[in-house]
Amino acid sequence: MIRTLNVGMIGHGFMGRAHSNAYHRVNQFFNVPFQPVLKSVAGRVKDTTEAFARRWSWERAETDWRRIVEAPEVDIVDVCSPNNTHCEIVLAAAAAGKMILCEKPLAINLDEGCQMTAAVERSGKANMVWFNYRRVPAISLAKQIIEEGRLGRVFHYRATYLQDWTISPGVPVGGPATWRLEKAVAGAGVSGDLAAHNIDTAIWLNGPVARVNAMTEIFIRERFRRDGSPARVEIEDVCSFLARFENGSNGTFEATRYARGRKNKNSFEINGEKGSIYFDLENMHQLQYFSHEDLPHLQGWRTILVTGVEHPYMANWWVPGCVTGYEHTFVNALADFLNCLEKGERARPDFRDALETQAVTEAVLESAQTESWITPAALDP
Ligand SMILES: NC(=O)c1ccc[n+]([C@@H]2O[C@H](COP(=O)([O-])OP(=O)(O)OC[C@H]3O[C@@H](n4cnc5c(N)ncnc54)[C@H](O)[C@@H]3O)[C@@H](O)[C@H]2O)c1
């Protein structure tokens, strides 16, 4: 029998929409043992929060997130607000014994991430961080190909996350979406916002990062707030770094919001002894694969259309040939969380996994500042 789980969601912007959609869709496409109930959503402004609640069928709208955390009927607290709010909300939700789903990056710095992880682990309740790209079917297929040993020993891991939306000096600091340019709210620039996705995927596919050497830059240092007052930009616009993985492979990573023409090019290529794979989010239903084990005269990069019933998650969606997109990754993630909850297993990536990514991000920022190789901080078990 399907059991209900009451969800309280904090924040109703970009991710609030993606998550609301996932709560509505998950039981329609997946046979999972739980049904999320959209109980209450919190925002800061009464009218817009109520309008969002009506549009997405949330039962209640709140203007103080504490009312969600304190509500006895809420089982899951879902944190979809800007990065600087994550820690306070998570500590309160963990103390209240809630299950917690938290958006990435886990925190604005490693210290906060450690406090949050300790709190959720003390509570013993299920938790997950929405590094949703693991649930892109093509990326899950990449994981399968690696685990099947088809790449053999890995030599290179090459990742980019390229956007171009902050090139104009007219993009303001602070406010909806552009809180990303405000250090006190975002914590970091592209390292925490974009490279963190690449780091999570890389650790998942290629194992732990042993050390990093990074370079960052701020291209536009003076901007304006929405009220016209001047604002100094303190977050990094771009970040490039070298990485050594514990498995001995070399990595390069580049994250920027200054790659004119690139809208959301989250890509990676892995080169191994027996083969290579390449993925690009702008063609997210495809995975490129090269096998050195093919007959020599047939060798070449092949494009796998990741829409078959034999591909990860796809048996739950449409017929072969019909592609899925961005919003499906959140449904896939939620389905995994609910299945893991039933089995009493960790839903990955959980807070501990996200903390490892946070440690690498922090090492990247320290490396850029000190112009030296940095080993990510060892984490308490
Ligand atoms: N997984 C992903 O791929 C992905 C993509 C985008 C954003 N994110 C993450 O999701 C989080 C939210 O980002 P977004 O793009 O949805 O931002 P957004 O600006 O679109 O929305 C933020 C929401 O939080 C609300 N909010 C802010 N402070 C609040 C408070 N104190 N109490 C209650 N609500 C508050 C705002 O009113 C707004 O509804 C961030 O941590 C971001 O890094 C993750």
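Let's start at one pair of residues: Ile-76 stands opposite Met-99 in strand β5. Before going further, note that this is a predicted model, in which local features need pLDDT of at least 70, side-chain atom pairs count only at pLDDT 80 or more, and totals for chains, interfaces and linings use all residues. Residues are numbered from 1 along each chain as its sequence is written.

**Around strand β5**

Strands here are DSSP E runs of at least two residues, helices are H or I runs of at least four, and both are numbered from the N terminus. Two strands count as paired if DSSP finds at least two bridges between them.

| Pair | Sense | Bridges |
|---|---|---|
| β4 (residues 76–79) and β5 | parallel | 4 bridges |
| β5 and β6 (residues 127–129) | parallel | 3 bridges |

On the β6 side, Ile-100 has Asn-127 as its bridge partner. How does the chain get from β5 to β6? Helix α5 (residues 110–123) lies between them in a right-handed β-α-β unit. Right-handed means that, with the strands pointing away from the viewer, the path from the first strand over the helix to the second runs clockwise.

A buried residue has 20 or more other C-beta atoms within 10 Å of its own, with C-beta atoms placed from the backbone.

**Two domains**

The domain assignment, which is automatic or from a database, gives domain 1 (3–130) and domain 2 (133–370). Their C-alpha centres lie 23 Å apart. Across the boundary, 34 residues of domain 1 are in contact with 34 residues of domain 2, where contact means C-beta atoms within 7 Å. On the domain 1 side, helix α1 gives the most, with 8 residues.

A nonpolar core is a set of buried Ala, Val, Leu, Ile, Met, Phe, Trp, Tyr and Cys residues joined through C-beta atoms within 7 Å. The largest one has 106 residues, and Val-90, Ile-100, Ala-195 and Val-364 have the most contacts inside it. Helix α10 (residues 351–370) gives the most to this core, with 9 residues. Each of domain 1 and domain 2 supplies at least three residues to this core.

What does Val-364 touch? Leaving out residues up to four places away in sequence, its contacts are Ser-191, Ala-195, Val-212, Ala-214, Cys-239 and Phe-241.

Definitions and conventions: Contact = placed C-beta atoms within 7 Å. Buried ≥ 20, exposed ≤ 12 C-beta atoms within 10 Å, placed from the backbone.
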